[in-house]
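The following paragraphs lead the reader through a single structure, element by element. Please keep the sequence and the coordinates at hand while reading.

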Amino acid sequence: MSQFVASNYTAVKAANPNLPILIREAKGAEAKIFARFEHGQEKKIVLDGLSAKEIEQKLATLVK
């Protein structure tokens, strides 16, 4: 997860300037992405153990 954030945060933020992004690290916590959409819809994807490329693919499916 750290590798993905270091490599891709700037590009993701530039492509989505109004998207609130919060990154928090906590020892022993599960790495995951949450997304909130219109009408209160929320989705969560667990990212533990995934490579930067796999995280990128998960993020792409989340926003489709």
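**A walk through the predicted model**

His-39 counts as exposed because its relative accessibility is 83%; by the cut-offs used here, buried means under 20% relative accessible area, exposed over 50%, and partly exposed in between, with a 1.4 Å probe and protein chains only. This is a predicted model, in which local features need pLDDT of at least 70 and side-chain atom pairs count only at pLDDT 80 or more, whereas totals for chains, interfaces and linings use all residues. Residues are numbered from 1 along each chain as its sequence is written, and side-chain values use heavy atoms, with hydrogens and water left out.

His-39 is located in the loop between strand 1 and strand 2 (42-46). Helices (H or I, at least four residues) and strands (E, at least two) are DSSP runs, numbered from the N terminus. Although His-39 is not a glycine, its phi is positive, at about 65°. Most residues other than glycine have a negative phi.

Helix 1 comprises 14 residues, which should span 20 Å at 1.5 Å a residue, and the 20 Å between its end C-alpha atoms agrees with this; the expected span is 1.5 Å times one less than the number of residues. At Asn-8, helix 1 bends by about 60°, the bend being the angle between axes fitted to the seven residues ending there and the seven starting there.

The loop between helix 1 (2-15) and strand 1 (32-36) contains Leu-19. Leu-19 counts as partly exposed because its relative accessibility is 40%. Together with Tyr-9, Ile-21 and Ile-23, Leu-19 makes a nonpolar surface patch of about 320 Å². Patches are made of residues with over 30% relative accessible area and no salt bridge, like charges being joined within 9 Å and nonpolar side chains (Val, Leu, Ile, Met, Phe, Trp, Tyr) within 5 Å. Accessible areas come from the Shrake-Rupley method with a 1.4 Å probe, and for residues only the protein chains shown count as cover. Between Leu-19 and Ala-35, 16 residues apart in sequence, the C-alpha to C-alpha distance is 9.8 Å.

Ala-35 also belongs to the largest nonpolar core, whose nine residues include Phe-4, Ile-33, Leu-47 and Leu-62. Strand 1 and helix 2 (52-63) are the elements that give two or more residues to this core, and helix 2 gives the most, with three residues. Such a core is a set of buried Ala, Val, Leu, Ile, Met, Phe, Trp, Tyr and Cys residues joined through side-chain atoms within 4.5 Å. In soluble globular proteins, nonpolar side chains tend to be buried together.

How many salt bridges does the structure hold? There are two salt bridges, each defined by a side-chain nitrogen of Lys or Arg within 4 Å of a carboxyl oxygen of Asp or Glu. In one, Lys-32 pairs with Glu-30, and the closest N and O atoms are 3.7 Å apart. Lys-32 is partly exposed, at 33% relative accessible area, and Glu-30 is partly exposed as well, at 37%. In the other, Glu-42 pairs with Arg-36, with the closest N and O atoms 2.7 Å apart. Glu-42 is partly exposed at 41%, whereas Arg-36 is exposed at 72%.

Glu-25 lies in the loop between helix 1 and strand 1 and is exposed, with a relative accessible area of 75%. Glu-25 and Glu-42 are separated by 17 residues in sequence and by 21 Å in space, C-alpha to C-alpha.
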